[in-house]
Amino acid sequence: MQITTFQPPHRTLMGPGPSDVHPRVLEALGRPTIGHLDPQFVTMMDELKQLLQYAFRTSNPLTIPVSGPGSAGMETAFVNLVEPGDTVIVCINGVFGGRMKENVERCGATAVVVEDAWGHPVDVDKVELALKEHPEASVLAFVHAETSTGARSDAETLCRLAHEYGCLVIVDAVTSLAGIPVEIDAWGVDAVYSGSQKCLSCTPGLSPVSFSPRAVERIRSRTHKVQSWFLDLNLVMGYWGSADTTPKRAYHHTAPINALYGLHESLVMLAEEGLEASWARHERMHEALAAGLEAMGLEFIVEAPWRLPQLNAVRVPVGVDEATVRQRLLAEFDLEIGGGLGALAGKAWRIGLMGYAARPENVRLCLEALATALAGTEGIDATAGLPAAQALLERAAA
């Protein structure tokens, strides 16, 4: 066997995630490894909690990164807040709402589904009707930014409705955190999970989560053991610390030490830039990209008011093989964009502008690459995209 050191190619990641990792984060990953109970590491853990509270706009003491990807954060929310026999209202308008339903059922609970077309936001009127028809429901779960479609839902209104009907709220903010406003305390979110690999410009493998005091009370008053030992927050809180624990931490698992260095650095960078500035940067880059795509003749799947700036879903032109175009972008431009999932498979491209990827050079590269790949396609003006985007980029820089 002659396997040698793996040297990955240099890619520009403009798909649905992972996104480009900032050089400062890559540098942080290579710092010396210390023990997961080292006093200096514990100090950094406390800083991580404060930085995540800033990112989530919350004062929740139980705000931590789960040692695992966004899917682990999702399971953490459901296995801790949902018990056998519960009723949970689950909103599905894409792939990731469907995963919420799967989690509910694996917890032994009943999922009441509120379904909307892919590319549309969750219909708040449908949700209110479901809440009225199911007074036994204890949780409302929805995806704030549906990664499979690029659609944003009205989190503030959905949270208000849930509380009016006595439900806790679980929110998927995997793609929204740091890219658009996420207001945990102002909206009254009880449990939220995100991912390190999207708008935080970090590597995959960590899932920031936050739980309200009301959610923590529910967790501590459970009548059944949490079905996952690893994700049981009653145990994890002993390691990460909570408002009523002593500074001494109890061993639970060996944390991914260097990965947490990277997340810490990415959150320091977010605080340096400022949340509002980060949201504005994502919006500016989206506006430039959208101007270029539409000038070329490409159409968005999501209506403008509900469109995610960090995840742009566009229709594949008639007669174009979307996978062939993606393969060409990767081979000729080292550029990765995403294809459609589920109902949008073969029908859409998903173009990410997340975190470090949300910058002018990436907007230009994407439009140049698509112009090359789509040249000669009926209905597409390949030469129009870059000038339209450049005009907005120059205006933003002025």
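Guide: The largest cavity is lined by Ile64, Pro65, Val66, Ser67, Thr76, Phe230, Leu231, Leu233, Val236, Trp240, His252 and His253. Please keep in mind that this is a predicted model, in which local features need pLDDT of at least 70 and side-chain atom pairs count only at pLDDT 80 or more, while totals for chains, interfaces and linings use all residues. Residues are numbered from 1 along each chain as its sequence is written, and side-chain values use heavy atoms, with hydrogens and water left out.

Visitor: How is a cavity found, and what volume does the largest cavity have?

Guide: Rolling a probe the size of a water molecule over the atoms shows where empty space is left. On a 1 Å grid over the protein atoms alone, a cavity is a set of points where a 1.4 Å probe fits but cannot get out, whereas a pocket is an open set with protein on both sides within 12 Å along at least five of seven lines, and lining residues have an atom within 4 Å of a point. Grid points are joined across faces, edges and corners, and a volume is the space filled by probe spheres set on the points. Here the largest cavity has a volume of about 90 Å³, and the structure holds one cavity of 30 Å³ or more.

Visitor: Which elements each supply at least two residues of its lining, and how many of the lining residues are nonpolar, polar or charged?

Guide: Strand E2 (62-66) and helix H9 (233-240) each supply at least two lining residues; helices (H or I, at least four residues) and strands (E, at least two) are DSSP runs, numbered from the N terminus. By class, the lining has eight nonpolar, four polar and no charged residues, where Ala, Val, Leu, Ile, Met, Phe, Trp, Tyr, Cys and Pro count as nonpolar, Asp, Glu, Lys and Arg as charged, and the others, Gly among them, as polar.

Visitor: What volume does the largest pocket have, then, and which residues line it?

Guide: The largest pocket has a volume of about 330 Å³, and its lining includes Gln7, His10, Arg11, Asp20, Tyr356 and Arg359. Sorted by class, that lining has six nonpolar, three polar and three charged residues. Arg359 also forms a salt bridge with Glu361, with the closest N and O atoms 2.9 Å apart.

Visitor: How should I read a salt bridge, and how many does the whole structure have?

Guide: Side chains of opposite charge can pair when their charged atoms come close. A salt bridge is a side-chain nitrogen of Lys or Arg within 4 Å of a carboxyl oxygen of Asp or Glu, and a search of the whole structure finds 18 of them. In one of these, the side chains of Arg57 and Glu183 meet at 3.3 Å, N to O. Arg57 lies in the loop between helix H2 (39-56) and E2, and Glu183 in the loop between E8 and H7, so the pair ties together parts that are 126 residues apart in sequence. There is also a network of salt bridges that links Arg24, Glu27, Arg31, Glu265 and Glu272.

Visitor: Which residues form a nonpolar patch on the surface?

Guide: Trp229, Phe230 and Leu235 form such a patch, with about 300 Å² of accessible area together. Patches are made of residues with over 30% relative accessible area and no salt bridge, like charges being joined within 9 Å and nonpolar side chains (Val, Leu, Ile, Met, Phe, Trp, Tyr) within 5 Å; the areas come from the Shrake-Rupley method with a 1.4 Å probe, and for residues only the protein chains shown count as cover. Trp229 lies in the loop between helix H8 (213-220) and H9, and it counts as exposed because its relative accessibility is 53%.

Visitor: Where in the backbone is there a cis peptide bond?

Guide: A cis peptide bond joins Gly17 and Pro18, with omega about 5°, and Pro18 lies in the loop between strand E1 (12-13) and helix H1 (23-29).

Definitions and conventions. Buried < 20%, exposed > 50% of the residue type's maximum accessible area, 1.4 Å probe, protein only.
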